[in-house]
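Visitor: Before I ask anything, could we put the sequence and the structure side by side, so that I can follow along?

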Amino acid sequence: MIRTKDIFKSFDEKEVLKGISTEFYKGKTNLIIGRSGAGKTVLLKLLVGLLQPTSGEVWYDDTNFFGLNKKEIRTVRMQVGMLFQASALFDSMTVEENIRFPLDMFTNMTYKEKRKQVDSCLERVSLPGVNDSFPSEISGGMQKRVGIARAIVLNPRYLFCDEPNSGLDPKTSIVIDELILDITKEKNITTVINTHDMNSVMEIGENIILLYNGEIAWRGHRGEVLESDNEILQDFIFASPFLQRLRESALGK
Amino acid sequence: MFLKNILYHFGRYVMMLGTAISRPEKVSMYYKETMRQMNDIGIGSLFIVGLIAIFIGAVTAVQFSYQLDGTLVPVYYIGYVVRDMTIIELAPTFTCLVLAGKVGSNIASEIGGMRQKEHIDAMEIMGVNTAAYLILPKVIAALVVIPMLVAVGAFISIIGGYLASVPTGVMADADYIKGLRSFFDPFNVTMMFIKAVVFAFILTTVSCYQGYHVRGGSIELGQASTNAVVFSDILILVADYLLAVILTS
């Protein structure tokens, strides 16, 4: 589980996060949603330590992340996997080398063992046989899946996904969402997803926080979204007249 | 403001080096990366260093023979001057100024591109000490390979002086060789290697700094690459002066 306590973050005079206290549960897909500029990416970067909070704490189970020294932070990070918005695959390495990189860096496995682990991860994301392709030679959806394979290769306890569906067609988005959900359940890990994809909210949102102007405006799960009377949530989720009509018909109004 | 800016960048540069000098997570990965860098910096720069060196030697010989024309100074001094100018000054300084352009800009754009494409963030989240993994192998490779390149450059430069003087009839083969063997002070070679090591350190670390801290987009990446060359060149020239004062006093 990951907990944040009173997280504030400012850039110069601009306060982006204003006292975020929340919990991200183990074995669940935890979603951070909100409009562009609401502070989602800043919160995610704070959770993984790419940014320092102005004040506040981030706890990984019983460990206060920002109370650790650099070496201890690296040890925690070895239990973290992350899928980046643009995948962040190393473009001069093949798919296999990308996935193998954490194994090369942190394990003493033999080449054969590493190859087996890479193949098993590629199999898990339904991408067998692309080992020797370069990231530029595969589609955006495949790149995301390779990114997931790289993120899970060291069997992390925490998985972070920054906009996993951005730039993907709806069908591929669903495949990626299902993959993330399945991996979360299989490995019983804490997954935090930053998204503004409505399909993801309704399909895999087991624990959702809605950020609005740097504060938590709503929290709940996918089953509560439709019936919530929180205006900020409804404005955000059912933004278009078409979606509003759909909601009304679903609620029998 | 200017002084504050310099102190800010110097502080960040020192902190980056402090983080870079640490125990590698996996020695074999650092070794592999160092070998790759040695190949890129060393073999990749051999042609341009050789080309520049041969002309430096040739021009030095031609210019000095022009200065000697009509004087009582023995003609074999051409070989002696080409040798000492090359070893003491031209080989280390010219080679490293050229490498600042070729290798420095390459390093800044490589690391800067990785920063912009979130590769560095991805490595950080994996638990990699990115300052160490991306910078240390480049610095070690440069410290090993650049002095070798400078030595090769000095040798080729002396050959350039020979080609510009002997086949053209300015002086006899024996005179040039006599010049090369006259008044030789081995400390000059030590001085050449000291300069090469210091300049190699400057050009790689300054370029790494520029790339590692790049922000923004392609324009900023281009600026970082240019800054890497400009600041490396300035610092190499300043260090050249300081070393000249220290080593010859």
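Visitor: Which residue in β2(A) stands opposite A:Phe11?

Guide: This is a predicted model, in which local features need pLDDT of at least 70 and side-chain atom pairs count only at pLDDT 80 or more, while totals for chains, interfaces and linings use all residues. Residues are numbered from 1 along each chain as its sequence is written, and chains are lettered from A and ligands numbered from 1 in the order in which they are written. Helices (H or I, at least four residues) and strands (E, at least two) are DSSP runs, numbered from the N terminus. With that naming in hand, the residue of β2(A) that stands opposite A:Phe11 is A:Lys14.

Visitor: How many bridges join strand β1 of chain A to β2(A)?

Guide: Two strands pair if DSSP finds at least two bridges between them. One bridge here links A:Ser10 with its partner A:Glu15 in β2(A), and in the hairpin of the two strands, which has two residues between them, A:Asp12 takes a positive phi near 55 degrees. Strand β1 (residues 2-11) runs antiparallel to β2(A), and the number of bridges joining them is eight.

Visitor: In β4(A), which residue is the bridge partner of A:Lys5?

Guide: β1(A) also pairs with β4(A), in the antiparallel sense and over five bridges. Within β4(A), the bridge partner of A:Lys5 is A:Glu57.

Visitor: Which are the edge strands of the open sheet that four strands form?

Guide: Strand β4 (residues 55-60) of chain A is joined by two bridges to β5(A), to which it runs antiparallel, and A:Trp59 has A:Asn64 of β5(A) as its bridge partner. The four strands, with antiparallel pairing, come in the order β2-β1-β4-β5. An edge strand here pairs on one side only, and the two that do so in chain A are β2 (14-24) and β5 (63-64).

Visitor: How is the pairing described in the open sheet of six strands?

Guide: One pair in chain A, β6(A) with strand β7 (residues 158-162), is joined in the parallel sense over four bridges, and in β7(A) the bridge partner of A:Leu83 is A:Cys161. For the whole sheet, whose order is β6-β7-β8-β3-β9-β10, the pairing is mixed.

Visitor: Are α5(A) and α6(A) roughly parallel or roughly antiparallel?

Guide: Helix α5 (residues 140-152) and helix α6 (residues 170-187) of chain A pack at an angle of about 10 degrees, with their axes 10 Å apart. Angles under 35 degrees count as roughly parallel, over 145 as roughly antiparallel, 65 to 115 as roughly perpendicular and the rest as oblique. The angle of about 10 degrees therefore makes the two helices roughly parallel.

Visitor: What is the handedness of the crossing of α3(A) and α4(A)?

Guide: Helix α3 (residues 95-106) and helix α4 (residues 111-124) of chain A pack at an angle of about 120 degrees, with their axes 10 Å apart, and they are therefore oblique to each other. A crossing is left-handed if the near helix is turned anticlockwise from the far one by less than a right angle, and right-handed if clockwise. By that rule, the crossing of α3(A) and α4(A) is right-handed.

Visitor: Which helix gives the most to the side of chain B that touches chain A?

Guide: Chain B has eight helices and zero strands. Taking residues as in contact if their C-beta atoms, placed from the backbone, lie within 7 Å, 14 residues of chain B are in contact with 15 residues of chain A. The helix that gives the most to this side of chain B, with six residues (119-126 being its span), is α4 of chain B.

Key
Axes are lines fitted to C-alpha atoms, for helices over the stretch in contact, and angles run from 0 to 180 degrees between N-to-C directions. Two residues are in contact if their C-beta atoms, placed from the backbone, lie within 7 Å.
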